[in-house]
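Hi everyone, thanks for coming. Let me put the structure up on the screen, and then we'll walk through it together.

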Amino acid sequence: MIYKSAQDWQQAEAKKVLFFGMSGLGKTHVSNMLRATGDWFHYSADYRIGTRYMGEYITDNFKRRAMQDPFLAELLRSDSIYIASNLTFDDLSPLSTYLGKPGNPALGGLSFVEYQKRQAQHHRAEVAALYDTAHFIERAKDLYGYSNFVCDSGGSTCEVVDPFNAADPLLTELAKNHLMVWIEGSADHEAELVRRFKRAPKPMCYRPEFLQELWSEYLDTHKCAEEEVDPNAFMTFTYARAISQREPRYRAMADNYGIKVSHTDLGKVTTPEGLDELIAATLGNAN
């Protein structure tokens with residue numbers, strides 16, 4: 001780990017931390033708190049994915065829809081209007097909308113083949129965005145004078161690495177540059193995460209084999225054809241299953257590359273000093 005002890009962390013002139021875990025457990029909340037102090041650079045992996053690596057896909061999807069309207073199509077052809085995504089740190093809906101949901105086209109569903117293609121695009125983008133953190137650590141210091149750096153990673157980080165491999169290249173690179181902190185959820189919080197997801201879906205990236213397994217299971221259980229699948233029902237089903245299957249992957253990441261804190265303890269943190277104390281105490285208990 002980049003910080004071997006509580007003393008290393010407390011005495012570090014530049015603190016660099018990466019939070020990982022399921023969406024909804026506080027990664028963005030604590031990152032926003034740190035950024036608001038003016039002393040921390042906040043790097044959002046999802047924002048980087050949606051702007052740098054998938055921005056063109058997202059915008060082209062908007063244009064594809066607009067081209068179905070003759071009035072808008074003519075304006076687009078003549079470059080009279082401009083269509084762009086307004087994706088922000090706190091609103092990732094353009095990315096979620098592009099990734100879409102497989103199932104009945106009448107309910108807004110994509111073919112499963114198209115959904116798989118977009119998942120593969122996101123997988124590549126997430127890996128690239130995570131590798132970019134090293135560049136942004138230097139960029140934040142060089143351009144803006146920020147020594148402290150927080151990476152707000154996506155909930156699907158554990159899907160694009162091999163957390164059980166203590167020599168995984170991406171995780172090794174991330175651990176070299178940040179303190180890796182897993183925000184551990186609890187069983188009684190799972191229902192709330194599913195409720196939030198149904199209300200405001202977050203971008204989700206799944207391992208291809210996991211996604212194929214659940215798709216086949218859903219078709220078999222519900223005795224339906226692909227074009228009959230309710231997209232919203234399938235996405236909720238998949239997200240609920242992902243919570244449980246990701247837990248051991250997150251745990252392995254923490255065991256091999258970092259530390260863990262509970263979402264309850266992190267939820268009590270309201271200042272950088274409070275975060276310092278929580279991380280120092282966790283590092284102290286780990287030694």
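Let's begin with a word we'll need: buried means under 20% relative accessible area, exposed means over 50%, and partly exposed is in between, with a 1.4 Å probe and protein chains only. Please keep in mind that this is a predicted model, where local features need pLDDT of at least 70, side-chain atom pairs count only at pLDDT 80 or more, and totals for chains, interfaces and linings use all residues. Residues are numbered from 1 along each chain as its sequence is written, and side-chain values use heavy atoms, with hydrogens and water left out.

Now, some rings. Y206 and F210 are both buried. Rings of Phe, Tyr and Trp (its six-membered ring) pair if their centres lie within 6.5 Å; planes under 30 degrees apart count as stacked, over 60 as edge-to-face and the rest as tilted. How many aromatic pairs does the structure hold? There are 18. Y206 and F210 make a tilted one, with 5.9 Å centre to centre and 45° between the planes. Elsewhere, ring pairs join F41, Y43, F136, Y144, Y146 and F149 into a cluster.

On to the core. A nonpolar core is a set of buried Ala, Val, Leu, Ile, Met, Phe, Trp, Tyr and Cys residues joined through side-chain atoms within 4.5 Å. The largest one here has 81 residues, and W9, M180 and Y239 touch the most other members. Helix α12 gives the most to this core, nine residues. Helices, by the way, are DSSP runs of H or I with at least four residues, strands are runs of E with at least two, and both are numbered from the N terminus.

Y239 turns up again where two helices meet. Contact means heavy atoms within 4.5 Å. E190, L193, V194, F197 and K198 in α10 meet M235, T236, Y239, A240 and I243 in α12. These residues divide into seven nonpolar, one polar and two charged; Ala, Val, Leu, Ile, Met, Phe, Trp, Tyr, Cys and Pro count as nonpolar, Asp, Glu, Lys and Arg as charged, and the others, Gly among them, as polar.

Most residues other than glycine have a negative phi. D79, however, has a positive phi, near 55°, and K223 has one of about 50°. D79 is in the loop between α5 and α6, while K223 is in the loop between α11 and α12. Is K223 buried or exposed? K223 counts as exposed because its relative accessibility is 68%.
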